Amino acid sequence: MLKQLAENLWTIESSMRFLGADIALRMTVVRLSDSKLVLISPVVLDEALVDALSQLGDIAYIVAPNLMHHLYAEQAKQHFPEAKLLVAPGLPDKRKDLAFDYVFDNQSFQPWQGELNHFVFTALPILNEVVFFHSASNSLIVTDLVCNIQKVDRSLFSLYLQLSGVLGRLAMSRLFRLLMRNKTHAREQLQQILHWNFERIVMAHGEVIEQSGQQKLKEAVSWLRL
């Protein structure tokens with residue numbers, strides 16, 4: 001359902017089956033000062049959710065924020081055909097079927113100037129994740145860079161989370177750590193993200209962090225020795 005976290009900031013929760021468990025998914029919705037909406041990491045939308053979103057504002061931007069979270073972008077575009085589709089670098093090569101409007105880089109996206117900042121985390125090429133900072137609500141918005149899954153039903157997915165080192169805490173997957181070959185580059189990029197003054201962390205998987213988000217993210221990546 002549509003849940004408001006702060007002024008001009010909402011989430012929609014959904015799920016998908018993976019390794020015998022229902023995995024929680026979260027889409028983040030940001031309303032800009034001109035009442036245009038940004039949908040970050042779309043989930044499956046039914047007619048009730050489409051109506052609820054339309055009442056919040058004009059859905060102007062749909063964001064596929066990394067190389068894994070793109071499955072429902074096309075469906076969102078079908079619901080909101082006038083919206084621009086913005087994608088992570090590398091996704092146009094992976095999804096040649098998607099008609100995108102903009103590929104993120106680390107330059108400011110002018111329509112959002114001063115309201116929604118972004119940074120492309122290229123130190124983890126399997127994701128090329130675009131991370132966002134909503135300054136009005138002091139919120140960092142990530143997708144898979146870190147997760148905060150506190151509990152799951154007994155399943156292969158639970159075992160997977162334990163082996164990945166991410167069950168019961170805010171953390172980055174051990175697999176992602178291994179794939180992060182250039183640790184110096186990763187440290188530099190994480191310092192860029194930590195430069196933002198955020199309290200809240202909204203992520204695609206797990207419970208939202210409402211307080212001390214900046215410090216908790218530092219602790220989650222302490223293995224990099226920032």
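**Close-up views of a predicted model**

View 1. When residues up to four places away in sequence are not counted, threonine 143 touches Ser41, Pro65, Asn66, His69, Glu129, Met203, Ala204 and His205.

View 2. Four strands, in the order 8-9-10-11, form an open sheet in which the pairing is mixed. Strand 8 and strand 11 (200-202) stand at the edges with a single partner strand each, so one side of each is left without a neighbour in the sheet. From one strand to the next, the twist averages 20°. Strand 8 (residues 116-121) is mostly covered, five of its six residues being buried, and six bridges join this strand to strand 9 (residues 129-134), the two running antiparallel. Strand 9 also pairs with strand 10 in the antiparallel sense, here over three bridges.

**View 3. Phenylalanine 132 between two partner strands.** Phenylalanine 132, in strand 9, stands opposite histidine 118, while in strand 10 its bridge partner is isoleucine 141. Helix 6 packs on the sheet and touches strand 8, strand 9 and strand 10, with a direction that makes about 170° with that of strand 8.

View 4. Isoleucine 193, leaving aside its neighbours within four places in sequence, is in contact with Phe119, Phe121, Val131, Leu140, Leu145, Phe198 and Leu217.

**View 5. The salt bridge of glutamate 13 and arginine 26.** Side chains of opposite charge can pair when their charged atoms come close. In this view the side chains of glutamate 13 and arginine 26 meet in a salt bridge, at 3.0 Å from N to O. Glutamate 13 lies in strand 2 (residues 9-18) and arginine 26 in strand 3 (residues 21-31), so the pair ties together parts that are 13 residues apart in sequence. Glutamate 13 is partly exposed, with a relative accessible area of 34%, whereas arginine 26, at 8% relative accessibility, counts as buried.

**View 6. The salt bridge of aspartate 101 and lysine 77.** Aspartate 101 forms a salt bridge with lysine 77, their closest N and O atoms being 3.9 Å apart. This pair links distant parts of the chain, since aspartate 101 is in the loop between helix 3 (91-94) and strand 7 (102-103) and lysine 77 is in helix 2 (residues 73-79), 24 residues apart. Aspartate 101 is partly exposed, with a relative accessible area of 42%, and lysine 77 is also partly exposed, with a value of 22%.

**View 7. A network of salt bridges around arginine 95.** Glu74, Arg95 and Asp97 are linked in a network of salt bridges. Arginine 95 is buried, with a relative accessible area of 13%.

Terms used
Residues are numbered from 1 along each chain as its sequence is written. This is a predicted model: local features need pLDDT of at least 70, side-chain atom pairs count only at pLDDT 80 or more; totals for chains, interfaces and linings use all residues. Side-chain values use heavy atoms; hydrogens and water are left out. A salt bridge is a side-chain nitrogen of Lys or Arg within 4 Å of a carboxyl oxygen of Asp or Glu. Buried means under 20% relative accessible area, exposed over 50%, partly exposed in between (1.4 Å probe, protein chains only). Two strands pair if DSSP finds at least two bridges between them. Contact means heavy atoms within 4.5 Å. Axes are lines fitted to C-alpha atoms, for helices over the stretch in contact, and angles run from 0 to 180 degrees between N-to-C directions.
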